[in-house]
There are 8 protein chains.
Amino acid sequence: MDESLAAILQAVAAGQISPDLAQVKLQGYSQIGDFAKIDRTRQARTGFPEVIFGQGKTVTQIVKIMQHMRDEHPVVMATRIVPEVQAELCLHIPDLQYYPAARISALQPLEVPITAPGTIAILTAGTADLPVAEEAACTAQLCGFQVEKLWDVGVAGIQRLLNNRMVIDRADVLIVVAGMEGALPSVVAGLADCPVIAVPTSVGYGAHFQGLAPLLTMINSCAAGVGVVNIDNGFGAAILAGQILRTAVRLQKI
Amino acid sequence: MDESLAAILQAVAAGQISPDLAQVKLQGYSQIGDFAKIDRTRQARTGFPEVIFGQGKTVTQIVKIMQHMRDEHPVVMATRIVPEVQAELCLHIPDLQYYPAARISALQPLEVPITAPGTIAILTAGTADLPVAEEAACTAQLCGFQVEKLWDVGVAGIQRLLNNRMVIDRADVLIVVAGMEGALPSVVAGLADCPVIAVPTSVGYGAHFQGLAPLLTMINSCAAGVGVVNIDNGFGAAILAGQILRTAVRLQKI
Amino acid sequence: MDESLAAILQAVAAGQISPDLAQVKLQGYSQIGDFAKIDRTRQARTGFPEVIFGQGKTVTQIVKIMQHMRDEHPVVMATRIVPEVQAELCLHIPDLQYYPAARISALQPLEVPITAPGTIAILTAGTADLPVAEEAACTAQLCGFQVEKLWDVGVAGIQRLLNNRMVIDRADVLIVVAGMEGALPSVVAGLADCPVIAVPTSVGYGAHFQGLAPLLTMINSCAAGVGVVNIDNGFGAAILAGQILRTAVRLQKI
Amino acid sequence: MDESLAAILQAVAAGQISPDLAQVKLQGYSQIGDFAKIDRTRQARTGFPEVIFGQGKTVTQIVKIMQHMRDEHPVVMATRIVPEVQAELCLHIPDLQYYPAARISALQPLEVPITAPGTIAILTAGTADLPVAEEAACTAQLCGFQVEKLWDVGVAGIQRLLNNRMVIDRADVLIVVAGMEGALPSVVAGLADCPVIAVPTSVGYGAHFQGLAPLLTMINSCAAGVGVVNIDNGFGAAILAGQILRTAVRLQKI
Amino acid sequence: MDESLAAILQAVAAGQISPDLAQVKLQGYSQIGDFAKIDRTRQARTGFPEVIFGQGKTVTQIVKIMQHMRDEHPVVMATRIVPEVQAELCLHIPDLQYYPAARISALQPLEVPITAPGTIAILTAGTADLPVAEEAACTAQLCGFQVEKLWDVGVAGIQRLLNNRMVIDRADVLIVVAGMEGALPSVVAGLADCPVIAVPTSVGYGAHFQGLAPLLTMINSCAAGVGVVNIDNGFGAAILAGQILRTAVRLQKI
Amino acid sequence: MDESLAAILQAVAAGQISPDLAQVKLQGYSQIGDFAKIDRTRQARTGFPEVIFGQGKTVTQIVKIMQHMRDEHPVVMATRIVPEVQAELCLHIPDLQYYPAARISALQPLEVPITAPGTIAILTAGTADLPVAEEAACTAQLCGFQVEKLWDVGVAGIQRLLNNRMVIDRADVLIVVAGMEGALPSVVAGLADCPVIAVPTSVGYGAHFQGLAPLLTMINSCAAGVGVVNIDNGFGAAILAGQILRTAVRLQKI
Amino acid sequence: MDESLAAILQAVAAGQISPDLAQVKLQGYSQIGDFAKIDRTRQARTGFPEVIFGQGKTVTQIVKIMQHMRDEHPVVMATRIVPEVQAELCLHIPDLQYYPAARISALQPLEVPITAPGTIAILTAGTADLPVAEEAACTAQLCGFQVEKLWDVGVAGIQRLLNNRMVIDRADVLIVVAGMEGALPSVVAGLADCPVIAVPTSVGYGAHFQGLAPLLTMINSCAAGVGVVNIDNGFGAAILAGQILRTAVRLQKI
Amino acid sequence: MDESLAAILQAVAAGQISPDLAQVKLQGYSQIGDFAKIDRTRQARTGFPEVIFGQGKTVTQIVKIMQHMRDEHPVVMATRIVPEVQAELCLHIPDLQYYPAARISALQPLEVPITAPGTIAILTAGTADLPVAEEAACTAQLCGFQVEKLWDVGVAGIQRLLNNRMVIDRADVLIVVAGMEGALPSVVAGLADCPVIAVPTSVGYGAHFQGLAPLLTMINSCAAGVGVVNIDNGFGAAILAGQILRTAVRLQKI
């Protein structure tokens, strides 16, 4: 649909769209109640929807935002949704699907087709890092990317990683999730020939300080080519990985 | 050149290469004195040379590593080289070029041709962030990437950024360098449709804690699609940007 | 009423006030039980009542202080009152009003008239910052100031802020509330021509450290003219904003 | 001068101003070399010039910015200028004045007239806090504000403060500068009926952590109405104080 | 009783005490189960009993230690006892008294007589600091010291402190308890002519970091003569105050 | 059993083991579901089994790993198992033993024989440190080492330690567990003539920061010969102690 | 001399003292230049002079304060005076004595007589802690207290302390100075029957963080009766020790 | 020589040793000047001499301690000796040898014979970690241990480590030295079957915080059997390694 200024104004003049909708289109966001402003340009710009960060929002707020977004987006998703919240959301939006391992709720067609080239490989150091890795995997898949998973290949048993080196070799972008001391991204980046996104997790105890230790490890990595996201931020890692693959698409078109 | 195991062993048998060189090729690194082991697989794997991190190494060590590498790599470079060290290095390697704004020394052909598609745009929040940004720019250019620079567009005068939005629009990957409170990457990532690499700098004072403040800002960015590197790590940002563009190339070939 | 030393002593002599009340007036505070001393000079001095900080006080203590203060102040308010505490307080003070979004309890006339010139504009970066912003708004309104609210205009979608620039333009003092990386006050201060009060919130996760990240961001703001208050301290921001508007009133009288 | 879009375009058409200057006027900033972009809207908007933060800039950069700004601003100033830098600056700008106690360089008329109503009172806890306090005082005076100074009234000898209470009483805005434990702003805010700006300093040792201790003290102040700026940021405190007095002026005009 | 080596050995020889008890007397501590060793020399040495730190111990452990100690000490006390634990303790030790404000349980004669000269004055900055202050007061009283209390005299209303200056003047040692920014000990030490013990509390929020802020404030106090104990350590403050008064007694005897 | 490459391949050829088992033997780990990879080389290499770190794993995951491991290891154990988890585990593995003081679950023969020379002495500073010390003791005993325990010998009553000096003298390796200020390892290392492993615990309050304080104490120990493990990591201390004793065994064989 | 209000006013009336001096006497402090206000009440109140903290003050400021104070105080002293500053001070005040080990300058009679009862024992853990300990010793001696020194008795060789236990036994107040892990005060407090003042020092490296490690150790001491002062604050420890002994004197008079 | 109490007293009686020397022998340490007490029991107990920690000691102090120790110890050594200090030391002790890479000075026979069984292997992650590793190597060799070195095998080029796995396999105790993110010890411990001592170094920049990052990494290692020493503490690592090998010797004798 033509969303240029001229086209929008002509559509208003022709009575095809209301002045309110025209305002939303021109200002680039929708107002929901008085509590939220949804970016309408993001999907056009980045290919990703405005995803709802569920933590700290009330059920009512999440419901209203989802109901607003579902008309315009093929996929509507919310992260950091615990089962209790999902149960309440379902009372208002019965067709809302839930991915418990990833703590993600989504409105979507039955199966999201893979629309982008390339593979995002996601690795974890330990079994306890799975929730964060699943948040990344689920986000990437809902956005139409192909994902390969490799769990529990932490550096203390390095042969577990080396025996699965083909996963690293065939990836186009790597998401490496690690708690405890967070050393895995450095080793992986030394073996890989593609970008590495490092995700520290809050899995650990003692001088781990809820993820500060692996965050510092990853920021100080002696291997170049590593970009770090926030502790437990599987979602952000997936979006960054998606951006990287989309850049490839864009360059191909040139 | 064919570097398969069979080919190397045949070359040894034929007396074409020495057993010593064969060992280097097979073990993947070269031993320099007893103090360094240079990764020989990295360039083949990533397209980047093993770059010398100059800080904490003696002049003698840097010279020996450079002399060893110059036979095998088209570009040999060292980062974190202050002018006093460069002066000493030149006594041993007279044709060593110096990029003072970036504090980089390099052995290279007169002009490094651009060999990769895409553009790396590098932005700074302030004038004092230039040394870090120049380290990124110089690294990227020595590795054959095209660079566009935009300095001093910090968020306190947001129109400076908005008036240069075309730089963001035409970039394929963005490196955003900021000290003080480090807010620029969040704003840029909200405007961009490509990956953003955030580089906090040690520019600031007081509760800045030598870059901890902008590092935390960038790690906590409310904009998705941002990968963070270490404080003042312009080099690492350039390598990650290069990896991203190389991934695009690889996907094109498929 | 004349509260000079001479007048008070004459009133005691005339039997118009008791020696006890005279003591309170002269020493400047009232003793409540043995656990609290209420500043009687503050309202005369600043125009604000001594507000009860509810956190860490028992219900009995809050009730006794409120009962003591209600005779002398037109508005009596307590902050950080969770619904469970409000329910208990109402058993003792049935006419106590509650503002749940702001977690504030107050004794007051039906509507507090606006008694000061100027407008306090309150902005939030995200929806989850609302409780802190509402604490600021409710405090300001109970103290007789005019408030304008603008929610969810964080920097990752900068057009949301730019499209509401008129709110910034017509404000006389700005309170900017932000969690996550806390970048909003810097951008706002670059656009505003009035004082900016920055309030970091504990909204975030990971390397956010319960608000330390946005606090550092705001303290390091590259925009001048920003004063920072404690994490989640919406109340303190409102009092400071009120002080600023009252200064204007005082200067007008000169 | 009329700076509306129409007027500027007519002036270009009439050959009165160059297209280049018109561009600067319309985009709101001036480009200096490739390293700086000077905000032209700030003075119009806030009444303060774009002040040069000297730390981290080269002498050449400072000189070029000053030479660019001197045509358009009545006052041009740079902060954090140590005597050695001032000596070099004078070689290029002979009429540059220096305020050594404040480490400020300025181009200005002989005496800056007081153009704003109200008084900024500046207090220090100790003698060693003077450089920060003088930076605040000098900035405020160069911007045309009236300043009253009160040094060495720290809380360990509370009668020094109480005996000078008239300074607090006649102030319209207070800047309180303190190192060590930084307790002075809390006591002052309890006595004052105007806004208090708290400036922690790096004066101290041991568990002071270069100003972190007084910064935390001031952020946690039990007295409401205190806004905090960065450690040693006398300049920022003065700008905020100026903004507060200018707000009063603006409200008077209404 | 004569506890010299010779006397103890003679008592064993005479069958007056068992070899086991002799061992305890000579080694200086009693073994309780395998989990605790109670110092028997402390009371003789310091005049204070070995007090049980209740936090982190099981009910069974506390009961066994109390039962062991009650034969030998006039006062047996445990700190950090929450009401739920007290209820369980009473099932085993029915005559155990409880001081809920101080969270202290004690076995003792009906009223502990004052056995030491001098007065310990205990001050708090706010009402919420009372539990820590009461722990100090109750400890001191159970050890036979005279205590004077002054609550809610924080520095934001300095006249509350100044009007009670006589409490400071007549104290022989001061315990000053403060949360929030913890500025009270500095002001008190500037007014007092006796030792000041500063106790930071965990009362606060935001950048308070559970008491780190007031701890740093007190450690950095610009007033000399202040000794600091751990956050919320009312018990330790009382013991130190008691040691100070006991030193006076000892010196008097010389 | 002969586990050489040749032997394994012959066994496959002879149909004695399946190709799947051969793969596990050759790659060095077993795959359990998709969530865990169990190191099979560790026991052969170190004499210790791959122990399950229970924290952060689901009951289902722990059960599957235990069931997989029980065929191949004489001892299968999991740490950080709270009683509620143990109750659930027993539903699936009825013969699972539980050591509540150590929070360890284990599958094992009735009594684990002592198979290694030497004694591991374990000391605690206080009674509240017992859970960590018991985790160390139980781990060591399940691995076949001899353990001697000495509880509650903290430095504030130094005679308790000195009177038990024979425990230090007869130890071959010492594990010293301490919370609060964590000073005990320094004193013990000054008395011992064997390696000392220091374990900080989270026992404390206030400026203890969940074990950071004793961790720093132990890392900064003025006594040489001290190795530190993570806060509350009794398990890791036991494994390190076991490694030290096993080194002795290995050297004896030479 | 009679310093009551009546006496001072009569002295002014009689022309015996100037109005200026009367003002100083009544307001309790002297104004020196515009940069310092010297507390005149402190000596009367505490028996100690207002000591000059030399760090951060210019030579001119120190000289002016000393010249002002020397008429009224028997002892005038300044701490944190490095030899270069002392050399400059001597140009203006030739009879200024210097104690290099303590970095203290003083104006005083030839020998300061011991005027207070009791002994302050000062212990250090290591040889490198001497400068801080000497600052404490020199301060105490200049204030007229008796001092006993015991150096290099750190806990890693506990017999060094135990063999000198008589120093602890005969002390009336103990100052314990320790860097590295700072464990000494806990051990000493367990042996002593008098107050212990703990002084952490910046002696150490690595995870010592310039004294943070021993500061935390001392604040978390498991021994009660320990008051802590700032890192390297030997002066403050001496003043607190002096206050403790003076309290004894005061109680004796009652 | 027989050092029992009886033997010493008989020797005094026989005039064979002086009462002074007898006192030293019985109290276990020698007094040097008033500033140091040298532990005489350590060598007998641990086999290592009391090594002088040079940092923070004056040249005079080091010389006196060395002169005192040289009569009684075969090896006398001091660590943290920079070349300037060594030059001064040589003026007083001409035969003092210097190991510049390790910054160690020593008095010793020409070659220290290897007196203990086993091999200490020392690994570094990078070239810049050499000074710390050499301190460990030199200390171990001066104490009579056999050392094998392997430099520059950091995890970013994992094949450098894997190709040298035989060094790990033949070691009896491993010292692993790493700066930057400090991941090497985890990988090594996963490959080794002997104890691993991890040494973080201050080599790094930005969020490295002078070694805090690798220290946290090592403390949080997911590999069991790792003991950590202070940042840059090569000396301490060597002593701990030596203790481990000596334990083996002791167990062999049993």
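This is a predicted model: local features need pLDDT of at least 70, side-chain atom pairs count only at pLDDT 80 or more; totals for chains, interfaces and linings use all residues.
**Stop 1**

Colour residues 30-107 of chain A as domain 1 and residues 119-252 as domain 2, and you will have two parts whose centres, taken over C-alpha atoms, are separated by 25 Å. The contact between them draws 16 residues from domain 1 of chain A and 15 residues from domain 2 of chain A. Together the two domains bury about 1,300 Å², with 69% of that area on carbon and sulfur atoms, and across their interface there are 2 residue pairs in polar contact. On the domain 1 side, select helix 3 (41-46), strand 4 (76-79) and strand 6 (104-107) of chain A, each of which supplies at least two of the residues that touch domain 2. By class, the residues on this side of domain 1 comprise 10 nonpolar, 3 polar and 3 charged.

**Stop 2: where chain B meets chain A**

Now show chains A and B together, where 38 residues of chain B are in contact with 38 residues of chain A. The area buried between these chains is about 3,100 Å², and carbon and sulfur atoms give 55% of it. There are 4 salt bridges between chain B and chain A, and one to display is the pairing of the side chains of B:R250 and A:D172, at 2.9 Å from N to O. The interface also holds 11 residue pairs in polar contact. Coloured by class, the side of chain B that touches chain A has 20 nonpolar, 11 polar and 7 charged residues.

**Stop 3: where chain B meets chain C**

Keep chain B in view and bring up chain C, with which 23 residues of chain B are in contact, through 23 residues of chain C. The buried area here is about 2,000 Å², of which carbon and sulfur atoms give 71%. How many salt bridges are counted between chain B and chain C? The count is 0, although 11 residue pairs between chain B and chain C are in polar contact. On the chain B side, select helix 7 (158-162), helix 9 and helix 10, the elements that give two or more residues to the contact with chain C. That side of chain B has 16 nonpolar, 6 polar and 1 charged residues.

**Stop 4: two positive phi angles**

Most residues other than glycine have a negative phi, and the last two selections depart from that pattern. Select B:R103, which has a positive phi of about 55 degrees although it is not a glycine, in the loop between strand 5 (97-99) and strand 6 (104-107) of chain B. B:R103 is partly exposed, with a relative accessible area of 26%.

Finish in chain D with D:D152, a residue other than glycine whose phi is positive at about 65 degrees, and which sits in the loop between strand 8 (146-150) and helix 7 (158-162) of chain D. Is D:D152 buried or exposed? D:D152 counts as buried, because its relative accessibility is 8%, where the cut-off for buried is under 20%.

How values were computed
Residues are numbered from 1 along each chain as its sequence is written. Chains are lettered from A and ligands numbered from 1 in the order in which they are written. Side-chain values use heavy atoms; hydrogens and water are left out. Domain bounds come from an automatic or database domain assignment. Contact means heavy atoms within 4.5 Å. Buried area is the accessible area (1.4 Å probe) that two parts lose on being put together, summed over both. A polar contact is a pair of N or O atoms within 3.5 Å; within protein, one must be able to donate a hydrogen and the other to accept it, and residues adjacent in sequence count only if both atoms are side-chain atoms. Helices (H or I, at least four residues) and strands (E, at least two) are DSSP runs, numbered from the N terminus. Ala, Val, Leu, Ile, Met, Phe, Trp, Tyr, Cys and Pro count as nonpolar, Asp, Glu, Lys and Arg as charged, and the others, Gly among them, as polar. Buried means under 20% relative accessible area, exposed over 50%, partly exposed in between (1.4 Å probe, protein chains only).
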